[in-house]
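Work through the following exercises with the sequence and the model before you, and try each task before you read its solution.

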Amino acid sequence: LDLSATMSGEFARTVGYQSLMVGNPLLDANGKPIITVNEDGEFMIAREVPPVTPGSSRGSRLIERMFEQPLLAGASSTSQRAFCRAGGQATCVNSATYQDHTAIVSPLNASEKRIITEWIDIGGTYFNDPYSAGKLRSVAAQLSESVFACKVQPILQASCASCHQAFGGNGTSSGPANPTFAANRFVLTGNTPADFGVTATMVTNITMPDNSLLLLRPSHIITDTPPHPGTATIPSTPFLPFGSADYNSIKAWIAGTLTCQ
């Protein structure tokens with residue numbers, strides 16, 4: 001369970017929150033995500049039941065483990081969890097592969113457990129107070145998705161998508177997302193909500209757009225600081241030169257001054 005505060009590109013939320021609210025992808029025999037089609041005909045990734053079921057603390061696996069009590073989260077059982085339930089709590093605690101959370105050095109106290117339980121029961125909100133110093137806490141909430149769709153996404157598709165794509169460079173499912181480096185957190189799929197979410201995670205300084213990774217990285221080349229990986233041949237100019245029309249459009253979008261007109 002990853003409870004880190006880094007931003008997730010998939011949902012434009014912290015990785016910790018996503019780990020609690022979104023189950024891990026289910027994989028087939030080849031280690032590939034299982035794709036399903038919902039009632040609206042949309043493709044979905046099949047996922048495990050997440051640790052938290054909003055609105056139901058007793059139905060959340062997180063609460064079962066916090067209290068080490070079998071409650072109503074049976075749907076999230078794995079073979080190990082089913083084994084523990086079948087054998088009783090003593091079997092779980094005595095199992096060499098089972099981590100008894102009541103025995104850890106710094107367990108949560110009763111008040112802390114109650115806060116988490118009540119947070120789940122009221123819906124597991126991302127922020128109790130969405131504002132900080134009069135501004136929305138979430139960067140994504142401060143950016144316009146409609147302006148992104150009409151102005152920014154076309155720029156990213158034209159300038160960045162050839163490397164920052166979900167598949168290999170030849171348009172197939174083979175090969176890494178980026179042919180020059182494996183750790184690519186900025187992946188563009190062409191789907192507007194998804195691209196907006198991952199782009200928002202690259203806006204790391206909304207008050208000083210030039211310092212956001214979204215502008216800082218592509219306005220440099222591999223020999224600059226910070227470096228930006230190029231293709232097999234290092235480009236003589238950045239993919240998004242500082243002060244260019246496309247650069248200024250993205251900067252204005254971050255600043256909130258860009259419109260679709």
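**Exercise 1: a patch on the surface**

Ile45 is found in strand E4, where helices (H or I, at least four residues) and strands (E, at least two) are DSSP runs numbered from the N terminus. This is a predicted model, in which local features need pLDDT of at least 70, side-chain atom pairs count only at pLDDT 80 or more, and totals for chains, interfaces and linings use all residues. Residues are numbered from 1 along each chain as its sequence is written, and side-chain values use heavy atoms, with hydrogens and water left out.

Task: find which residues form a nonpolar patch on the surface together with Ile45.

Solution: The patch consists of Ile35, Val37, Phe43 and Ile45, with about 420 Å² of accessible area together. Such a patch takes residues with over 30% relative accessible area and no salt bridge, and it joins nonpolar side chains (Val, Leu, Ile, Met, Phe, Trp, Tyr) within 5 Å, like charges within 9 Å. Accessible areas come from the Shrake-Rupley method with a 1.4 Å probe, and for residues only the protein chains shown count as cover.

**Exercise 2: two helices**

Task: describe how the axes of helix H7 and helix H8 cross.

Solution: Begin with the axes of H7 (residues 145–159) and H8 (residues 192–202), which come within 10 Å and cross at roughly 80°. Axes are lines fitted to C-alpha atoms, for helices over the stretch in contact, and angles run from 0 to 180 degrees between N-to-C directions. H7 and H8 are therefore roughly perpendicular to each other, a label that covers 65 to 115 degrees. Next, look at the residues that meet, with contact meaning heavy atoms within 4.5 Å: they include Phe148 and Leu156 in H7, and Pro193 and Phe196 in H8.

**Exercise 3: a salt bridge**

Task: locate the salt bridge of Arg61.

Solution: The side chains of Arg61 and Glu64 meet in a salt bridge at 2.5 Å, N to O, the criterion being a side-chain nitrogen of Lys or Arg within 4 Å of a carboxyl oxygen of Asp or Glu. Both residues, Arg61 and Glu64, lie in helix H2 (residues 61–67), three residues apart, about one turn of the helix. A search of the whole structure finds three salt bridges.

Conventions
Angles under 35 degrees count as roughly parallel, over 145 as roughly antiparallel, 65 to 115 as roughly perpendicular and the rest as oblique.
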